[in-house]
Amino acid sequence: MTNMGRRGFVKGATLGALAFTVGGVEAIMAPGEARARNVPFRLLDAHQGETLEALGETLVRQAREAGIAHYIDQQLSVPPHEALLQARIFNVRPPFADFYRTAIVSIDESSRRSFGRDFAQLSAADQHEFVGRMRQNKIEGWTGRPGAAVYAVLRADAVDVVYGTMEGYEALGIPYMAHIPPEKRW
């Protein structure tokens with residue numbers, strides 16, 4: 001991002017765009033575009049990304065397509081004080097990667113105990129049932145942070161990635177700068 005000015009970065013950030021590395025070069029794009037372009041994760045592995053996508057989609061429709069796993073991965077790679085992750089807002093102590101990795105392990109271990117498969121492999125109905133029990137701290141043998149806390153952080157992240165852009169505001173019918181032509185917003 002050294003070649004990009006502050007104004008360009010701020011403009012991209014308000015459009016939901018973040019810095020991703022593509023072919024060794026940093027490029028500004030939305031997390032959903034990074035997912036569509038199959039941009040490699042920086043810190044997560046493929047299984048962790050798959051679990052985050054399945055969980056995000058269960059929590060907020062369109063989170064997978066909006067690039068929740070790429071969003072979380074990209075935000076884990078920035079200094080903690082710059083992260084937009086809900087873990088920071090919920091006062092989780094850095095490194096935030098520990099929180100997300102532990103959450104994924106807890107989710108998959110509990111899913112295997114309950115259903116015999118990792119969370120991402122469950123039917124949509126089983127995923128919803130699991131998330132409902134997780135939200136209420138009603139999963140026996142759960143390890144790590146309380147399920148309700150994991151639910152709250154990851155649901156807020158999913159809401160951010162789906163609705164935290166100008167397009168998201170418009171989809172909700174919120175007139176956030178909708179009346180200002182894009183070329184005049186900055």
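**Helix H7**

Helix H7 covers residues 96–115, and because its 20 residues at 1.5 Å a residue should span 28 Å, the 28 Å between its end C-alpha atoms agrees with expectation. The expected span is 1.5 Å times one less than the number of residues, and helices (H or I, at least four residues) and strands (E, at least two) are DSSP runs numbered from the N terminus. The model is predicted: local features need pLDDT of at least 70, side-chain atom pairs count only at pLDDT 80 or more, and totals for chains, interfaces and linings use all residues. Residues are numbered from 1 along each chain as its sequence is written, and side-chain values use heavy atoms, with hydrogens and water left out.

The buried residues of H7 include Phe96, Phe99, Tyr100, Ile104 and Asp108, where buried means under 20% relative accessible area, exposed over 50% and partly exposed in between, with a 1.4 Å probe and protein chains only. Among the elements that cover the buried residues of H7 are helix H3 (46–59), helix H8 (124–135) and helix H9 (147–163). H7 is followed by glycine 116, whose phi is positive, near 80°.

**Helix H8**

The twelve residues of H8 should span 16 Å at 1.5 Å a residue, and its end C-alpha atoms are 16 Å apart, which agrees. Gln127, Phe130, Val131, Gly132 and Met134 are the buried residues of H8, and their cover includes H3, H7 and H9. Just after H8, asparagine 137 has a positive phi of about 55°.

**Backbone in the loops**

Most residues other than glycine have a negative phi, and most peptide bonds are trans. Asparagine 38, which is not a glycine, has a positive phi of about 55°; asparagine 38 lies in the loop between helix H2 (31–36) and H3 and is exposed, with a relative accessible area of 62%. In the loop between H6 and H7 sits proline 95, and the peptide bond to it from proline 94 is cis, with omega near 0°.

**The cavity**

The largest cavity is lined by Phe20, Thr21, Val39, Pro40, Phe41, Arg42, His70 and Asp73. On a 1 Å grid over the protein atoms alone, a cavity is a set of points where a 1.4 Å probe fits but cannot get out, and lining residues have an atom within 4 Å of a point. Strand S1 (18–22) and helix H5 (68–76) are the elements that give two or more residues to this lining.

Methods. 1 Å grid on protein atoms, 1.4 Å probe; cavity = no way out; pocket = protein on both sides within 12 Å on 5 of 7 lines; lining within 4 Å. Contact = heavy atoms within 4.5 Å.
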